[in-house]
Amino acid sequence: MLKVLSLFIVLIAGIVLGPLMAGHQGYVLIQTDKNNITTSITGLVIIFLLLQFLLIFIGWCYRRLKRTSTFTHRWIFGGYKRHRARSQTKQALLKFAEGDFKQVERLMTRNANHADEPVVNYLLAAEAALRRGDYFNTHQYIEQAADVAGKDQLPVDITRVRIQLTQGDIHAAHTGVDKLLEHAPRHPEVLRLAEKAYSLSGDYQSLIDLLPAMRKVNLHTEEEIQKLHQQAYIGLMNQIIAEKGSTGLKRWWKDQSRKIRHDIMLQTAIAEHFIECDDHEAAQEIILNGLKQQYDERFLLLIPHLKTNDPSAIQKTLSHLLKQHGATPLLNSTVGQIALRHGEWAKAESAFKAALTQRPDAHDYAWLADALDKSHKREEAIQTRSKGFMLILKRDDDTAA
């Protein structure tokens, strides 16, 4: 561009100064061994300008030809390789559907660098190698995918963690999902992998912290989220009991939020843990407080497992529930079991008969028969046990049918 501008300036100067110098052109002598060339200064300038234009034109033609040659070479050879890579990728996808993973691996990597998305080819080749149990090639393809992925490493990292989980390398997967969550905290697949990694590694607190994000992206239904929430807390309770015992579990429970401590599923779960730890006093406190807040039969199912020398608090709560909610079958059965345990045979007999009047139950028949035996009502006890056995047989026949 600068050369052309210079030539235009010289040309304009020649046009302006040419007429002024007419008649005062002088001459130029170029002498060789055999010839003498004579010309005017104006003619020499014109020849120089023409020579410059000729050189510029030759340079332009050369560059144009060179670019055309390079484009043609790329079009002929590069286009062929891209077309071949595209065709092999399609074949590989079909082979993947067929389950021929060895062919998938071969086709995906053959011209991967010329494919439309080389990183996809290497990642699918890694999946195929993993299916064949070839862990060495699996990691090789992952590294090649990372090399061609550039700044967009998320698909590579997700695939790497998925492969680590498949191989059972839980610690590495846990570290991997921690890093993924820093860059993509609401990515659905990242959350799925994190859920699996935290569950398998027993990192239940991290899993609990993950639940709000899973709810926001609708990763699971609300019912599934609640189930996962309960499983995570139960897992955490198991860990605390194993490490710190019943005392540590009580301390942890007191530190939880009001919302957690009023969750019926978690209340029943921790009460079960206290019963298993033989801390019946703590379990009774949670169960009775829970029943005061809300009537739920899950609490009633735990009451017969409590071991206490002073059943008055339990009996008082059950009497209150009978007045407030009526004599339900489970409530009557619970009253009967508590009475049976503490030698109140008449009360137990009355409660079990009331429960059986409302619905037949093999366990209630058996407990009623025990109460009748203690009251020396042998014949009635035998008849009651027979009814219980018949009910069990009928239920087994219905199940088999």
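Alanine 371 is buried, with a relative accessible area of 0% (buried means under 20% relative accessible area, exposed over 50% and partly exposed in between, using a 1.4 Å probe and protein chains only). This alanine is found in helix α18; helices (H or I, at least four residues) and strands (E, at least two) are DSSP runs, numbered from the N terminus. This is a predicted model, in which local features need pLDDT of at least 70 and side-chain atom pairs count only at pLDDT 80 or more, while totals for chains, interfaces and linings use all residues. Residues are numbered from 1 along each chain as its sequence is written, and side-chain values use heavy atoms, with hydrogens and water left out.

**Around alanine 371**

- Leaving out residues up to four places away in sequence, alanine 371 touches Leu340, Trp345, Ala348 and Glu349; contact means heavy atoms within 4.5 Å.
- From C-alpha to C-alpha, alanine 371 and alanine 381 are 8.1 Å apart in space, and ten residues separate them in sequence.

**The pairing of α16 and α18**

- Two packed helices are described by the angle between their axes and the distance between the axes.
- Helix α16 (residues 329-341) packs against helix α18 (residues 362-374) at an angle of about 35°, and their axes are 11 Å apart.
- Those axes are lines fitted to C-alpha atoms, for helices over the stretch in contact, and angles run from 0 to 180 degrees between N-to-C directions.
- The crossing of α16 past α18 is left-handed, a term that applies if the near helix is turned anticlockwise from the far one by less than a right angle, with clockwise giving right-handed.
- On the α16 side the contact is made by Ser333, Gln337 and Leu340, and on the α18 side by Asp364, Trp367, Asp370 and Ala371.
- By type, the residues of this contact divide into three nonpolar, two polar and two charged.
- In that tally Ala, Val, Leu, Ile, Met, Phe, Trp, Tyr, Cys and Pro count as nonpolar, Asp, Glu, Lys and Arg as charged, and the others, Gly among them, as polar.

**Asparagine 332**

- Helix α16 also holds asparagine 332, which counts as buried at 8% relative accessibility.
- Beyond residues up to four places away in sequence, asparagine 332 touches Leu322, Ala327, Ala351, Ala354, Ala355 and Gln358.

**Nonpolar cores**

- A nonpolar core is a set of buried Ala, Val, Leu, Ile, Met, Phe, Trp, Tyr and Cys residues joined through side-chain atoms within 4.5 Å.
- The largest such core has 59 residues, and Trp252 and Leu318 touch the most other members.
- Helix α10 (residues 222-255) supplies the largest share of this core, with eleven residues.
- This core lies between domain 1 (236-307) and domain 2 (310-396), because both give residues to it; the domain bounds come from an automatic or database domain assignment.
- Apart from this core lies another, of 20 residues, including Leu123, Leu130, Ala149 and Val156.
- Not counting residues up to four places away in sequence, leucine 318 touches Leu300, Ile303, Leu331, Thr334, Val335 and Ile338.

- Glutamine 230 is found in helix α10 and is partly exposed, with a relative accessible area of 22%.
- Once neighbours within four places in sequence are set aside, glutamine 230 is in contact with Met265 and Leu266.
- Glutamine 230 and methionine 265 are 35 residues apart along the chain, and their C-alpha atoms are separated by 7.0 Å.
- Glutamate 272, in helix α12, is partly exposed, with a relative accessible area of 39%.

**Loop residues with positive phi**

- Aspartate 278 has a phi near 65°, a positive value in a residue other than glycine.
- Aspartate 278 sits in the loop between α12 (264-276) and α13 (280-293) and is exposed, with a relative accessible area of 53%.
- Histidine 376 is not a glycine, yet its phi is positive, at about 65°.
- The loop between α18 and α19 (378-400) contains histidine 376, which is exposed, with a relative accessible area of 62%.

**The protein overall**

- The protein has 19 helices and two strands.
- Of its 401 residues, 36% are buried.
- Among contacts with a separation of 6 or more, 49% join residues 24 or more positions apart.
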